[in-house]
Amino acid sequence: MVKVAILGYGTVGSGVFEVLKKNQDMIADKMNDRIEVKYVLDLREFEGDPVQQILVHDIDTIINDPEVSIVCETMGGERPAYDFTKRALESGKSVCTSNKELVEKHGCELLKIAKAHQCSYLFEASVGGGIPIIRPLRTSLVQEDILSITGILNGTTNYILTKMETEGLAFEDVLKRAQEKGYAERNPDADILGLDACRKISILTSLAYGKNVDFQDITTVGITAISDKDFLYAKKMGATIKLFAKSVKKDKKHYAIVAPFIVKPENPLYAVKGVFNAILINGNMGGETMYYGKGAGKLATASAVVADVIDCAKHEGKHLAVEWDDEKLEISPIDGAVRRFFVRMGQTPQEQIEAVFGEVSMFADVVPGECGFVTEEMTEAAYQEKAGQFGNILSMIRIN
């Protein structure tokens, strides 16, 4: 019998409890052993809920119980999740988490502690919800030199952009609808400013290259400036707009960015709609592989946590290695990244634009009083220098 404790009985924690209860017989058949939730830690009471029978309010109850070998940290945030996780690992208990903030900030340190105490720190659910992506990176793709990772890593922003495209609605109107449906938080800044996706691509990049990435080194642009007019131009191009989290290795340099991109139908991520997430990984030997599914949600995320629980249970008393060294991975300034750009500006003659940007593809009849164009390939720094010569640029979106 493997005994587990769950820290936090919110959306994900209650989901983990549900998955382990509902699928306990199937899990037992596959493991030849049973997993039992011995404790759930929460400050609240849950009268009428079966969890009340195993509810505790003191972390010491869990830390000091030698029967508990695995802890599911589903509290979210940095504190007290960090302190509880560290204590659990130091006592030899494996920890499985969905907490992307904690993983991004302290993952490298917590993995070291786990290794020192012959237990494991696993975090499949921290990126992509129910999409298996962490495990493939640390096992199935370990033989690959990862050339790029491109992800739609935030369901809220993908839902908003999808509705703006399909229904022609303004950003503010779709955001309000997303909040009403529970797809967006009351304070949606972490989503719409790109911060959530930034933490996730930081984790994936750290795992892909085995070194520590500081998410503050990653250029991050949200979707708040995207308008219904941008989608009119995208439609004219036969394209759409997605918030991409990208990590690229090129000429021994590493670039990373979170930003809206113009995406053509030939890109597999073009078809990812609504609240779904997807990650496209390009390896130097196997080429592209794509991982698609629900990027959030109670049971999808809980399912990923339970997958880690089962992995730890199968390897009880052993350390499951995750390569993530504390040496910093240098993220090169985005100025050197080369790509094309879609630009909207007040009505301007094509010859005047081409005198600065070189040959462009013009879209002059989409929105009255303005024009749009696509540049040739150039560095981000070159674009900024050229754009600075005009005073009437309305917006810019990168082209994937």
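The second largest pocket of this predicted model has a volume of about 640 Å³, where a pocket is an open set of points on a 1 Å grid over the protein atoms alone, with protein on both sides within 12 Å along at least five of seven lines, and where a volume is the space filled by probe spheres set on the points, which are joined across faces, edges and corners. Of the 26 residues that line this pocket, those closest to its centre are Lys 246, Val 248, Val 338, Arg 339 and Asn 400; a lining residue has an atom within 4 Å of a point. At least two lining residues each come from β7 (146–152), β9 (240–250), β10 (253–263), β11 and β13 (338–346), and β10 gives the most, with five residues. Helices (H or I, at least four residues) and strands (E, at least two) are DSSP runs numbered from the N terminus. By class, the lining of the second largest pocket holds 12 nonpolar, six polar and eight charged residues, with Ala, Val, Leu, Ile, Met, Phe, Trp, Tyr, Cys and Pro counted as nonpolar, Asp, Glu, Lys and Arg as charged, and the others, Gly among them, as polar.

The largest pocket contains about 1100 Å³ of space. It is lined by 42 residues, of which Lys 100, Glu 185, Asp 196, Ala 296 and Gly 297 are the closest to its centre. The elements that contribute two or more residues to this lining are α1 (11–22), α5 (100–116), α7 (155–167), α9 (189–192), α10 (195–209), β11 (276–283) and α12 (298–314), and among the contributions that of α10 is the most, at four residues. The lining of the largest pocket comprises 13 nonpolar, 20 polar and nine charged residues.

The largest cavity has a volume of about 40 Å³, and its lining consists of Tyr 121, Leu 122, Phe 123, Glu 124, Ile 134, Arg 135, Arg 138, Asp 308 and Val 322. Two or more of these residues come from each of β6 (121–122) and α6 (134–140), with α6 giving the most, three residues. The lining of the largest cavity divides into five nonpolar, no polar and four charged residues.

Residues are numbered from 1 along each chain as its sequence is written, and side-chain values use heavy atoms, with hydrogens and water left out. Because the model is predicted, local features need pLDDT of at least 70 and side-chain atom pairs count only at pLDDT 80 or more, whereas totals for chains, interfaces and linings use all residues.

Definitions and conventions:
On a 1 Å grid over the protein atoms alone, a cavity is a set of points where a 1.4 Å probe fits but cannot get out, and a pocket is an open set with protein on both sides within 12 Å along at least five of seven lines; lining residues have an atom within 4 Å of a point.
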